[in-house]
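Hi,

Here is the structure I promised to pass on. Have a look at it first, and then read my notes below.

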Amino acid sequence: MKEFLRSTLATITGVLICGFIFIILGVSVLAGMLISSDTETIVPANSVFTLDLKGTVEERYQPSPIDQFFEDQISTYGLEDILNSIQKAKENDQIKGIYLHTGALACSAASLQAIHRALADFKTSGKFLVAYADSYTQGGYYLASVADKVIVNPVGSLSWHGLASETMFLKDFLAKIGVKMQIFRVGTYKSAVEPLTSTEMSPANREQTQAFLESTWNSLLNDVADSRHLSADSLNLLADRNMDLQPAETYVRCGLADTLMYQDEVLSYLKSLTGLSDDEDLQTLSLDEMTRVKPAVPKSKTRDVVAVYYAYGEIDNGSSYDEGINSEKVAKDLRDLRKDKNVKAVVLRVNSPGGSAYGSEQIWREVTLLKAEKPVVVSMGDYAASGGYYISCAASKIVAEPTTLTGSIGIFGMVPDASELLNDKLGLHFDGVKTHKMADMGSMSRPFNAEESALMQQMVNQGYALFTKRCAEGRNIPLEELCKIAEGRVWTGSMAKDLKLVDELGGLDTAIQLAAQLGKVKDYTLKSYPGKQDFLTELLNTRTDRYIHSQLQETFGDYYRSFDWIRHIGESDRLQARLPFDLHIQ
């Protein structure tokens with residue numbers, strides 16, 4: 001018995017000691033992460049900013065504490081961080097150049113253009129910009145094309161093949177499981193629901209997709225032609241040959257690249273540019289380190305503020321999705337900016353494919369009230385379409401990238417009918433009582449009847465009439481003229497400017513300059529809203545399922561959003577103002 005008690009006591013003691021050690025280690029790790037996240041980066045002399053892009057670029061990104069533990073598996077970058085870091089590299093005298101190293105890069109066209117433009121501006125400093133990749137994606141090459149020297153691995157590859165858009169159609173899949181989508185829409189080009197009701201693109205959708213795809217390609221093509229001093233015709237001929245599968249020597253011969261080098265040779269080349277010998281170590285700074293570099297230009301001491309408010313993701317009705325634009329929060333934040341006397345102008349940075357029509361109307365209202373007090377300039381990112389355009393149309397001015405996808409002024413409603421799945425396939429039957437003939441309208445156990453369908457279509461028509469009215473008044477376009485370019489059709493920023501849906505082409509910097517001009521302020525402090533959370537707050541607010549969702553997104557790639565949207569259909573607002581179901585541009 002004594003031996004048993006001694007053994008048990010020893011085991012308990014061992015467990016307690018191990019637990020204590022693990023607690024100490026955990027606290028130490030968290031403390032280290034907390035300290036490193038807030039520590040300012042000191043830039044050594046003759047440094048090189050290594051812009052390593054091998055992942056997904058989002059409008060704005062704040063790593064969660066969970067991401068810190070899975071850094072190699074998850075590579076997500078914030079466009080805001082990239083642009084600010086390039087600007088700081090330009091202004092910092094200790095940084096001699098940028099080494100752009102791209103890999104499997106997932107980035108929408110408008111964000112690519114913003115980075116390309118920032119890199120071109122960096123070159124005006126006289127510092128070097130060198131690009132290298134083992135295998136350039138087409139987006140990665142577009143960024144690299146602006147470099148002083150484009151280097152390819154001798155056995156590497158370079159993608160240049162044009163653009164393609166592909167949509168996954170789910171009609172037959174839903175039919176197999178016994179689900180039918182009841183659709184109500186306005187707009188010939190409002191194709192968001194087509195994947196649920198058809199097996200191929202409609203003629204109208206094919207027409208608009210071909211048009212905005214060609215517009216996007218021409219914008220990217222002209223940028224590369226200017227950077228590489230090649231004609232657009234010759235670049236189109238190269239795209240027709242699909243350069244992805246050509247020998248590396250061909251890239252140099254046709255002018256897409258400057259030279260071939262292995263990675264160790266690139267390192268030696270960078271050392272020579274900074275005046276180092278092969279025996280000396282090259283001082284490099286990562287993107288994460290650059291985000292913690294203090295700007296060379298001190299902040300203005302004036303109390304006048306130009307606010308940049310970021311509204312990105314799908315628009316919900318303030319309750320549904322974990323991420324995206326929460327209409328209640330955005331409305332409150334805009335209200336606070338309106339009441340803040342120090343804020344002289346607001347830039348509303350919109351990067352959204354739309355979403356809830358109700359949520360869009362609430363944000364539109366606050367933008368209208370804000371504009372009555374001070375200038376509001378919208379800066380459009382990758383998307384500002386449907387609901388994204390709804391919340392933009394009341395602004396004082398609208399600035400878009402040439403490749404921004406915008407417009408899509410249309411409304412649809414969607415209610416699933418799962419009666420076949422429930423009754424025939426699963427053998428479930430429903431019965432009940434009601435006080436009025438349409439009290440159970442919307443039940444998935446039965447389809448709509450004719451009267452209910454008419455009511456739904458009437459509500460969609462009313463929503464469309466309100467949407468077009470808001471756009472016509474906001475853009476000062478006669479309603480009849482506005483309706484001709486509405487119909488749910490998607491336009492690029494370049495096309496939208498010709499149609500007067502957009503005022504100017506450019507990026508966030510253009511919108512900020514315009515806002516300051518309209519606000520009549522020359523010396524001002526630039527502030528971003530909502531403010532990013534500190535590490536400790538982010539740790540306390542981290543959701544346990546965030547990592548799981550990020551892994552699912554990596555597994556399913558472009559198709560994750562489609563399945564995730566289906567998952568949220570039951571929680572979605574009845575009326576939707578959003579882009580076509582999903583767009584995949586390769």
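Before the notes, one convention: helices (H or I, at least four residues) and strands (E, at least two) are DSSP runs, numbered from the N terminus. Also keep in mind that this is a predicted model.

With that numbering, Pro530 sits in the loop that links strand E20 (525-529) to helix H21 (535-541).

Ser386 has a positive phi, near 55 degrees, in a residue other than glycine. You'll find Ser386 in the loop between strand E14 (376-385) and helix H15 (387-390). Is Ser386 buried or exposed? Its relative accessibility is 0%, so Ser386 counts as buried, the cut-off for that being under 20%.

Lys500 is another non-glycine residue with a positive phi, here near 70 degrees. Lys500 belongs to the loop between helix H19 (493-498) and strand E19 (504-505). Lys500 counts as exposed because its relative accessibility is 59%, and exposed means over 50%.

Last, the surface. Which residues make the nonpolar patch of about 310 Å²? They are Leu426, Leu428 and Phe430. Of these, Leu428 is placed in the loop between helix H16 (419-425) and helix H17 (450-475). Leu428 has 40% relative accessibility, so it counts as partly exposed.

Cheers

Technical notes:
Residues numbered from 1 in each chain as written. Predicted model: local features only at pLDDT ≥ 70, side-chain atom pairs only at ≥ 80, totals over all residues. Heavy atoms only, no water. Patch = residues over 30% accessible without salt bridge, like charges linked within 9 Å, V, L, I, M, F, W, Y side chains within 5 Å. Areas by Shrake-Rupley, 256 points an atom, 1.4 Å probe, with all protein chains shown as cover. Salt bridge = Lys/Arg side-chain N within 4 Å of Asp/Glu carboxyl O. Buried < 20%, exposed > 50% of the residue type's maximum accessible area, 1.4 Å probe, protein only.
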